[in-house]
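Please keep the sequence and the model at hand while reading.

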Amino acid sequence: REEKDEASQLIYRIERPVYNETLIQTKLLKRKEDTTTNCQKLAEKFQCSSEKAKSAALSFMPILSWLPSYPVRKYLFSDVVSGLSTGVVQLPQGLAYAMLAAVPPVYGLYSSFYPVLLYTFFGTSRHISVGTFAVISLMIGGVAVREAPDSMYMNINATGSNASDAINVELRDKSRVQVAVMVTTLAGLIQIVLGLLRFGFVAIYLTEPLVRGFTTAASMHVVISQLKYLLGVETQRYSGFLSAIYSVKAVLSRITSTNIATFLLGLGCIIFLYVIKVLNERFKKKLPIPIPGEIIVVIVSTSISYGLSLSKEYKVHVVGNIPTGLRPPAAPNISLLPNLVTDSFAIAIVGFSMDVSLAKIFALKHGYSVDGNQELIALGLCNFISSFFQTFAVTCSMSRSLVQESTGGKTQIAGLLASLLVLVVVVAIGFVFEPLPQTALAAIIMVNLIGMFKQFRDIPSLWRTSKIELAIWVIAFIASVLLGLDYGLLVAVTFAILTVIYRTQSPKSSILGHVANTGLYCDVDEYEEAAEYEGIKIFHSNSSIYFANSDLYVNSLKEKTGLNPEHLQAARKAQKKQKEKANSNQSSPLKICEAVFLEPFSTVHSIILDWTSATFIDSVGAKAIRQVIKEYATVDVRVVIAGCNRNLLAELDTLKFFTKDLTTDILFPTVHDAVLHCQHSNSHPSVAAVSDMT
């Protein structure tokens with residue numbers, strides 16, 4: 001059986017000359033000549049044709065690629081069920097998340113209609129549900145409160161103990177809406193520009209641990225912001241540094257004035273919603289559609305509030321006036337622009353990151369692809385165009401997307417139907433929800449964040465797998481809780497980038513040895529089978545060489561090989577002095593004998609730098625390597641380079657790395673080529689390097 005296994009095993013056998021880069025360039029490879037001029041390339045790129053026009057149209061408006069072939073009989077029923085189910089969830093969430101955005105609830109309904117409608121035409125994902133989202137809404141609310149705080153709208157002649165009596169709520173809300181709209185316009189514009197510039201890759205800087213730590217912190221902010229609505233107490237809304245702590249302190253300071261009716265109603269809604277969420281999760285395979293807990297809470301709590309006159313009799317805060325119909329388009333207040341650029345950029349990046357990450361998850365599950373750049377453009381158009389109709393920034397919602405996908409949604413027709421359901425409410429029956437208690441909306445928000453708080457489970461998992469990623473998660477969480485979401489995100493991204501620098505500055509270095517009869521080279525400290533060649537040190541470092549780590553690379557090289565040119569030079573000088581002293585003392589034959597038979601400085605004659613892991617090098621790194629080669633040459637140690645890829649070689653040419661004295665003869669395509677060259681050169685020191693290769 002063993003013989004059969006050995007006979008069936010693939011054999012890798014090749015016999016060829018030892019190659020170095022000089023031989024490769026002169027005899028083996030010939031670079032293709034590009035005769036196309038830059039003008040021709042530019043003309044070809046901007047040349048218009050029917051195929052390019054069609055491709056551009058389908059790319060910009062993906063609905064044109066799938067709607068003409070939409071299988072009505074196969075998909076329509078599923079999309080209708082999914083759209084109605086998603087719309088039933090989208091309606092109460094729109095009302096609730098408007099509170100987070102610090103704007104009247106009707107603007108949440110606007111934000112649940114226009115963007116969803118637009119995404120149907122421009123989006124590439126078939127399953128995500130675009131609309132209001134807790135984290136983005138909270139970020140907008142923080143900006144709105146900062147730019148239009150309560151203190152700017154105090155009624156001088158107000159009377160009464162109620163804090164709301166002392167504030168011109170109508171004027172304050174109008175200003176906050178203007179801020180939210182301007183932020184949304186700018187965020188949408190940023191997303192469109194980044195998408196057109198093909199900057200969809202910016203989301204990679206928001207790593208998964210960073211996003212999960214950040215969204216967990218945002219969930220903490222959301223829950224804290226809803227405590228006053230749950231308890232029915234009046235407190236100031238804080239934003240910025242330590243806003244979470246100030247908010248908790250403000251609520252606790254007024255906890256004795258809790259409205260019992262508000263608290264009991266909110267607590268009942270939380271318990272009911274949690275039970276429904278558990279049932280939906282446990283019986284999701286048996287239920288045809290999830291139980292719409294949110295809309296049940298909205299209908300029941302609105303009915304109770306209206307029937308018992310909770311607002312008048314028990315001072316329970318309700319949604320209040322919901323204007324019927326849609327607002328005419330209006331331009332945003334450009335004068336607010338200078339103070340909102342940073343916030344808009346943060347909202348644009350976070351919104352896109354949420355969108356594309358969830359879109360890719362569903363695309364992978366259902367076997368299709370999403371275009372990150374088109375998603376950026378689509379989300380930007382949703383925000384930019386919708387902002388003229390008084391909406392605030394949106395992205396996809398995980399909870400609604402799961403509803404849309406789990407109820408059988410096949411395409412964005414489901415999203416279109418969900419937006420139409422919201423439209424019916426806005427146009428026809430919005431006034432029905434005016435008695436809706438705010439504590440019920442707070443309950444909806446809090447229960448929807450349970451999934452976010454489950455992200456705390458990442459901590460033990462990351463502790464076992466990656467301490468650096470755990471540090472990113474923790475820093476993102478703590479910074480976002482204490483500094484606010486805007487500065488917290490900035491700190492988190494900065495820290496994540498620093499970890500990349502740390503990893504490149506602290507690469508793993510090793511000395512490689514040959515595994516007999518394999519052609520493989522492995523770490524001699526890690527594998528027993530790896531053995532070093534006599535007189536040759538093979539140094540490997542799993543990083544590129546540039547200004548930030550070039551000194552570390554050189555120091556690690558000297559430490560790992562045990563060969564320091566300065567020390568060898570000092571030893572050579574000491575030996576020379578000892579020899580001169582011995583020769584000058586003719587009366588001591590013993591010393592003469594010692595001088596003649598002194599041991600050489602080092603048994604190592606060659607060092608091979610394994611660059612298979614290196615992807616780039618800069619001028620500082622190139623100078624450092626050139627200097628190292630010269631230093632070792634002074635102590636008769638040859639340094640050669642192996643595994644240098646073609647792009648890295650081109651960079652070395654650009655940096656003028658090679659000279660008359662330092663030619664491409666020192667470059668070898670593989671470590672084994674370099675080893676054979678060093679062995680042969682040491683046994684035939686008078687033979688030229690090029691002739692060694694043949």
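## A buried lysine

Lys 537 is buried, with a relative accessible area of 17%, where buried means under 20% relative accessible area, exposed over 50% and partly exposed in between, computed with a 1.4 Å probe on protein chains only. This is a predicted model, in which local features need pLDDT of at least 70 and side-chain atom pairs count only at pLDDT 80 or more, while totals for chains, interfaces and linings use all residues. Residues are numbered from 1 along each chain as its sequence is written, and side-chain values use heavy atoms, with hydrogens and water left out.

Lys 537 belongs to strand 6 (residues 536-541); helices (H or I, at least four residues) and strands (E, at least two) are DSSP runs numbered from the N terminus. Apart from neighbours within four places in sequence, Lys 537 is in contact with Ile 511, Glu 532, Thr 561, Val 604, Ser 606, Ile 607 and Ile 608, contact meaning heavy atoms within 4.5 Å.

## Domains and cores

The chain is divided into domain 1 (72-153 + 168-502) and domain 2 (509-578 + 595-683), with bounds that come from an automatic or database domain assignment. The C-alpha centres of domain 1 and domain 2 lie 56 Å apart.

The largest nonpolar core has 87 residues, and those with the most contacts inside it are Met 139 and Leu 210; such a core is a set of buried Ala, Val, Leu, Ile, Met, Phe, Trp, Tyr and Cys residues joined through side-chain atoms within 4.5 Å. Helix 10 (residues 169-196) supplies the largest share of this core, ten residues. A second, separate core of 45 residues includes Leu 557, Ile 608, Leu 662 and Val 671.

## Thr 185 in helix 10

Helix 10 also holds Thr 185, which is buried with a relative accessible area of 6%. Leaving aside neighbours within four places in sequence, Thr 185 is in contact with Pro 332, Phe 384 and Ser 387.

## Packing of helix 9 on helix 16

Helix 9 (residues 134-147) and helix 16 (residues 341-366) pack at an angle of about 175 degrees, with their axes 10 Å apart. That makes helix 9 roughly antiparallel to helix 16, since angles under 35 degrees count as roughly parallel, over 145 as roughly antiparallel, 65 to 115 as roughly perpendicular and the rest as oblique. The axes are lines fitted to C-alpha atoms, for helices over the stretch in contact, and angles run from 0 to 180 degrees between N-to-C directions.

Among the residues making this contact are Met 139 and Arg 146 of helix 9 and Asp 343 and Gly 351 of helix 16.
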